[in-house]
Amino acid sequence: MAVPEGGSSPAAASTVAVGGRVLLFGKHRATVRYLGPVEGQAGQWVGIEYDDPSAGGKHDGSHAGRRYFCAAHPTGGSLVKLPKFLEVADLGRSLAAAVQERYGSGSEDSSSGAAGGGSGEACARTRQQEQQGQQQVFLPTLGSRKIAVELVAPAAGPAAAARRQSAGGKGMAAALVAHRVSSVGNAEDLRSTLPSLTELDLSDNLIASWAFVAELAGALPELHTVNLSGNRLALPGLAGGAGEAQDRPGLGSSCSSSAGGGSGGSNIPSSLVPPPGGSLVGLRCLVLNGCGVTWAQAVAVGRQLPNLRELHLCGNGLASLPLPAEVLQSAEGGAAGLQAASAGEAGGEQAVGTFGQPASSPMAALLAAAFPQLELMDLDGNELSSWAELAPLGALPALRSLLLSGNRLAAVEYTGGFASLRSLLLGGCRLHSWASVDQLDRFPALEEARLSDNPLTAAAPSSARYQCIARVSRLTTLNASVVSAAERWDAEVNYLRQVTDELAAAGADEAARAAVLAANPRFAALTKRYGELTPAAPKAAAGTALASSTAQLTICRGGKEVQKKLPVSLTVGKLKLVLERLLRVKAAQQALLLVPPADSGSQPEDITDDDCKELRYYDACDGCRLEVSTSDPAARAAALAAAKAAAAAAHAARMEQHEKQIQQFRAVEQRLMA
């Protein structure tokens, strides 16, 4: 190419390539999409697509009626003269240089000259911002969240790096977040500085291609975990060399081909894709959060990593999980032959697969082949709205954890498969029906679920918890909290009582009873386990007191007493909300002591921690006192002991009075006998 005007060096200009990643003005990451002339303008121009369209984009890659490249966002692209581009662009540096600077024994001055390209002004600006950024650093998690951390200056030399042990205690873990890494560099330098590296975080760098990963795995043979979050790198495609319009959502038909041959695609041509296996066999965990990955690319990556155990695809805007039609058609031929062979072995019967389709259906065969050992699939923070899109994942033979929090799912519908699934996280979705929770009980091995922050559970979290526990029989952990045996017993009995009351209310109406049973599929199993419960007394006639379904309580707080008639079906959690409005005491700070009538012979009970239980569980009745205080464990224990002592003293006084009455009766009887 011609040497640009403006004083930029030919060496720096020669490193600019279509598809390359750059850092502009020291803070905006972008991808080079075009390099060449612009009609009606002099000199060489660079077409860039910003990761963040608000950073300075002006159009979608077309200018003056002619298209030069395709940007995913209508204002995500821009055309810049090459000399001006080189003044503000940092083309990155090698991983070996970044590792040497952070973990090696060399000085900062000696390593800073190893930057991959760009003008001295741009690199100096970036280094200055890096030094300032060390005052406030954030650690990105696998779920694309950022946690503020406090940095302690490490000692120089490889020995300091050796002290950074990985989570498993074996090997080393290194983090080079936002260090402008764009290439691997010298493999020997990497191995000498980090000799046993097993986990590497390269989030928010300038990595442009999947070939970087293959080269990295070859340079560090013990590496098994790589975090590439925030890197818009080109990935292999299933169709083998398809253009960017096929695999990048949101592009119109006008982007099917690029003008002037200057635009780079988001898929790597098949000739440049490394063969499956090879140096990639050691990778077991891959994080591609916020990389703009499509589902077809994710499946293609799975084919490259035969031993992949964890795949994180958070925040990639995935609204569906489609695969190219030609890929499914090509897989269908082989699946049909396998299906015929399976049918022959089964005596002519069709083999049924993992999710209600034939075992050798194209989708099932393709996914099972792409992810044979995958145990965790993380799709948090995407745009998925239909469970039908997720049903094919039931074909994955080793899948144990499926993370779907923060999506738009409104319902769950189990259609088979997921034989190994133990954990299903659905927090922050749009579930609004108990039917979705009932579907979770159909998953054959499900033990953990997250259902918080859904419309279904947000209204009454405490009562929703016991409903979820009762409806899903094998659940041992709910919303990261262990379900104890006692909690399950309470939840299932309360749920059984609720359904029993609903059936009693339905009376002889067979249609209403059938509707209640259909909405509560575990009723029969729970009845078999706990026996039939007696329904609550029916509602009294209009205008009369509901004596059996309400209780007149005396609520005491300090020197204040309030008479309140409450339904005995009210849970302790809801009672706290009533008391919060009545007494102006926060629900989380309340300590509740239920004192039965003096002549009942029952003992007082501390009901503070039993939010899911109803008042009738404690035999709440007219004349009970509810003593409310602030939550203090020592004070609560003292109050409970004092209440029990007072109850015991009252009971002893009643027994003494009773004994005196018996003695008086016997004395009268003896006088009459005489």
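Predicted model: local features only at pLDDT ≥ 70, side-chain atom pairs only at ≥ 80, totals over all residues.
Local features need pLDDT of at least 70, side-chain atom pairs count only at pLDDT 80 or more, and totals for chains, interfaces and linings use all residues. Residues are numbered from 1 along each chain as its sequence is written, and side-chain values use heavy atoms, with hydrogens and water left out.

**Helix 10 and helix 12**

Helix 10 spans residues 295-304, and helix 12 spans residues 362-370. Helices are DSSP runs (H or I, at least four residues), and strands are runs of E (at least two), numbered from the N terminus. The two helices pack at an angle of about 50°, with their axes 8 Å apart. Axes are lines fitted to C-alpha atoms, for helices over the stretch in contact, and angles run from 0 to 180 degrees between N-to-C directions. That angle makes helix 10 oblique to helix 12. Angles under 35 degrees count as roughly parallel, over 145 as roughly antiparallel, 65 to 115 as roughly perpendicular and the rest as oblique.

Helix 10 contributes Trp295, Val299, Gly302 and Arg303 to the contact (heavy atoms within 4.5 Å). Helix 12 contributes Leu366, Leu367 and Ala370. By class, the contact has five nonpolar residues, one polar and one charged. Ala, Val, Leu, Ile, Met, Phe, Trp, Tyr, Cys and Pro count as nonpolar, Asp, Glu, Lys and Arg as charged, and the others, Gly among them, as polar.

Helix 10 is mostly covered: nine of its ten residues are buried. Buried means under 20% relative accessible area, exposed over 50%, partly exposed in between (1.4 Å probe, protein chains only). Trp295, Val299 and Gly302 are among the buried residues.

**Helix 16 and helix 18**

Helix 16 (residues 485-506) and helix 18 (residues 523-530) cross at roughly 115°, and their axes come within 10 Å. That makes helix 16 roughly perpendicular to helix 18. On the helix 16 side, the contact residues include Arg488, Trp489, Glu492 and Leu503. Helix 18 meets them with Phe523, Leu526, Thr527, Arg529 and Tyr530. Nine nonpolar, two polar and three charged residues make up this contact.

Most residues other than glycine have a negative phi. Arg180 has a positive phi, and so does Ala480.

| Residue | Phi | Loop between | Relative accessible area |
|---|---|---|---|
| Arg180 | about 65° | strand 11 (172-175) and strand 12 (181-183) | 3% |
| Ala480 | about 70° | strand 23 (477-478) and strand 24 (481-482) | 56% |

Arg180 is buried, whereas Ala480 is exposed.
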